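User: Please walk me through the packing and the charge pairs of this model. Keep it brisk.

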Amino acid sequence: MLTSFATHAELEEALLGCDRCPLRRDAIGPTSYNGAIDSPLVIVGEGPGGVEDEYGVPLVGPSGQLLDKALASVGVTRDRVYVSNILKCRPKGNRTPTVDEGRFCAMNWLDGEMALVRPKVIVALGSVALKYLMGPDARITKDRGRWFETKYGVPAMATYHPAYLLRLTGQDVVKAKWEVFYDLKAAVERCRELAPGYELASAEKPDLLAMYEGRRLERRGGR
Ligand code: URA
């Protein structure tokens, strides 16, 4: 199923025209990636929500904003990591995608992205990303915070999805946020060991919504 691409531009052009599964029908369009295509650190989320569907890029809505804060706490800015999703099209009503939907989409697109980026470390956000990268029997509560080897030959660690943190309250959210902090810290440390020359933060925090405003307007026009 994997089609290989010589460049991200080629991959993105094919991806934006994808209608290989029914999820495409209910979305504004497929969303692609954002960040640095040469980054040793890749973050893989679940799939686009409403804001991402509008902007055409992953993790720029409420979950993305919480992710940005968590990354800042470990010295990372979004322009220095590569961020993508398992699913490229938003499932109707924002429902959780099935394992099969995730596998189909990721084998079509994420695998090709990983062949181009060739990261040193992958962070899986939440259960859908973990199940694709580790296996369908993986469980986020049991397997987060543990290193595993992906089929790309790249070490990966899962942590809680920011949308899960946004749903928690009281002591539960405090505990889960610390766990995410330590998971991300471990991933960054491993990344620094494996790619010592790479700067994971730039001086200014990028404004992702401003950066992709043109794409949002284009997508709105195409509806
Ligand atoms: N949740 C994700 O996992 N990815 C997005 O792009 C948005 C919300």
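Analyst: Start with terms: buried means under 20% relative accessible area, exposed over 50%, partly exposed in between (1.4 Å probe, protein chains only). Helices (H or I, at least four residues) and strands (E, at least two) are DSSP runs, numbered from the N terminus. This is a predicted model: local features need pLDDT of at least 70, side-chain atom pairs count only at pLDDT 80 or more, and totals for chains, interfaces and linings use all residues. Residues are numbered from 1 along each chain as its sequence is written, and side-chain values use heavy atoms, with hydrogens and water left out.

User: Which residues of helix H1 (residues 8–16) are buried?
Analyst: Take the arc as that of the directions from the helix axis to the C-beta atoms. The buried residues of H1 are His8, Leu11, Glu12 and Leu15. They sit on the same side of H1, because their arc around the axis is only 95°. An α-helix has 3.6 residues a turn, so residues three or four places apart point the same way.

User: Which exposed residues does the face of H1 turned away from its buried side carry?
Analyst: The buried side has cover that includes strand E3 (82–85), helix H6 (110–117) and helix H12 (213–221). Contact here means heavy atoms within 4.5 Å. The face turned away carries the exposed residues Ala9 and Glu13.

User: Which residues touch the most other members of the largest nonpolar core?
Analyst: A nonpolar core is a set of buried Ala, Val, Leu, Ile, Met, Phe, Trp, Tyr and Cys residues joined through side-chain atoms within 4.5 Å. The largest has 60 residues. The members touching the most others are Leu41, Val44, Ile86 and Ile122.

User: Is tyrosine 152 buried, partly exposed or exposed?
Analyst: Tyrosine 152 lies in the loop between strand E5 (147–149) and strand E6 (155–159). Its contacts include Met114, Ile122 and Leu133, not counting residues up to four places away in sequence. With 22% relative accessibility, tyrosine 152 counts as partly exposed.

User: How far apart in space are tyrosine 152 and methionine 114?
Analyst: In sequence they are 38 residues apart. C-alpha to C-alpha, the distance is 7.4 Å.

User: How many salt bridges does the structure hold?
Analyst: A salt bridge is a side-chain nitrogen of Lys or Arg within 4 Å of a carboxyl oxygen of Asp or Glu. One of them joins glutamate 113 and lysine 88, with the closest N and O atoms 2.7 Å apart. Both glutamate 113 and lysine 88 are buried. The total is 14.

User: How close are the closest N and O atoms of aspartate 53 and arginine 219?
Analyst: Aspartate 53 and arginine 219 are both buried. The closest N and O atoms in their salt bridge are 3.4 Å apart.

User: How many residues apart in sequence are the parts tied together by aspartate 53 and arginine 219?
Analyst: Aspartate 53 is in helix H3 (residues 50–55) and arginine 219 in helix H12. The pair therefore ties together parts at a sequence separation of 166 residues.

User: Is aspartate 143 buried or exposed?
Analyst: Aspartate 143 meets lysine 142 in a salt bridge (3.3 Å, N to O). Its relative accessibility is 2%, so aspartate 143 counts as buried.
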